[in-house]
Structures are given as C-alpha cells and as structure tokens.
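User: I'd like to learn how to read a model like this one, feature by feature. Can you walk me through it?

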Amino acid sequence: TGSNIVIKSTQSSAKQTAWKAHEGVVLKVDWSPLNQMVVSGGEDCKYKVWDSYGRLLYQSAPFDYAVTAVAWCPSGDLFAVGSFDTLLLCDSMGWAHSKS
C-alpha cells in the first residue's frame, strides 16, 4: 500500500513481509512463483527487482514517466516493463535486452 510492498502468506499462522519499495506510490507489482522474485514499478519512474524477503536486487535508472506496467513471463526468465513511451524486455536480474 502506498510506497510499500506487502507479501501475505496463504498460511494463516505465517508472518507477512513488508518493505518500503518506492519513493512514490507503487503502481504495479508482479511475483514469479518459479524464481520467487518480485518486480515493481512506481511513481518514482523506476522499476525494481526484489527477492521474496524484500532485498533489492536491481533498481533501474529513472524513466521520463512513471512505470505503470510490469509482468513476469511464465518461465520466470524475463519480465516486461512499461511506461508512457517505453517498453522494455528484461532478464530476471533487471537488465534490459530490448527497447521500443
């Protein structure tokens, strides 16, 4: 909620994990069940890759506009990032391999 990401377990007795993810509002989050990684995009114009414990693995340079779309591919090897005028295809560590 807001600038935080919260992960809640499906087990009622498990503790939830939460961390401050962006300087502005988090606009989009996607989790890959295969690689246990989270990708997020926010009003701070960045996308970030996290492990399931909230440790930052990669942070992009700021885009010109807010990052409004992120999505893992089913294999968990790649993810897409979208902004107003930008579309990137990135590997699981965050490095962009294509621009459009």
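Analyst: Arginine 55 forms a salt bridge with aspartate 51, and their closest N and O atoms are 2.5 Å apart. The rule asks for a side-chain nitrogen of Lys or Arg within 4 Å of a carboxyl oxygen of Asp or Glu. By that rule the count comes to 1 salt bridge. One caution: this is a predicted model, where local features need pLDDT of at least 70, side-chain atom pairs count only at pLDDT 80 or more, and totals for chains, interfaces and linings use all residues. Residues are numbered from 1 along each chain as its sequence is written, and side-chain values use heavy atoms, with hydrogens and water left out.

User: What is the general idea behind such a pair, and is aspartate 51 buried or exposed?

Analyst: Side chains of opposite charge can pair when their charged atoms come close. Aspartate 51 is buried, at a relative accessible area of 12%; buried means under 20%, exposed over 50% and partly exposed in between, using a 1.4 Å probe and protein chains only.

User: Where does aspartate 51 sit, and which backbone nitrogen does its side chain reach at 2.9 Å?

Analyst: Aspartate 51 belongs to strand E5; helices (H or I, at least four residues) and strands (E, at least two) are DSSP runs, numbered from the N terminus. Its side chain reaches the backbone nitrogen of tyrosine 53 at 2.9 Å. A polar atom of the aspartate 51 side chain also lies 3.1 Å from the backbone nitrogen of glycine 54. Leaving aside neighbours within four places in sequence, aspartate 51 is in contact (heavy atoms within 4.5 Å) with Trp19, Gln36 and Leu57.

User: How do I read aromatic rings, and how many aromatic pairs does the structure hold?

Analyst: A pair of aromatic rings is described by the distance of the centres and the angle of the planes. Here, rings of Phe, Tyr and Trp (its six-membered ring) pair if their centres lie within 6.5 Å; planes under 30 degrees apart are stacked, over 60 edge-to-face, and the rest tilted. The structure holds 7 aromatic pairs. Take tryptophan 19 and tryptophan 50: the ring centres are 5.5 Å apart and the planes are at 50 degrees, so the pair is tilted. This pair links distant parts of the chain, with tryptophan 19 in strand E2 and tryptophan 50 in strand E5, 31 residues apart. Tryptophan 19 is buried at 9% relative accessibility, and tryptophan 50 is buried at 4%. Elsewhere, Tyr47, Tyr58, Phe63, Trp72, Phe79 and Trp95 form one aromatic cluster.

User: What about the nonpolar core: how many residues has the largest one?

Analyst: In soluble globular proteins, nonpolar side chains tend to be buried together. A core here is a set of buried Ala, Val, Leu, Ile, Met, Phe, Trp, Tyr and Cys residues joined through side-chain atoms within 4.5 Å. The largest has 14 residues, and Tyr47, Phe63, Phe79 and Val81 have the most contacts inside it. Its largest share, 3 residues, comes from E7. A second, separate core of 6 residues includes Ile5, Ala21, Val38 and Trp50.

Conventions
A polar contact is a pair of N or O atoms within 3.5 Å; within protein, one must be able to donate a hydrogen and the other to accept it, and residues adjacent in sequence count only if both atoms are side-chain atoms.
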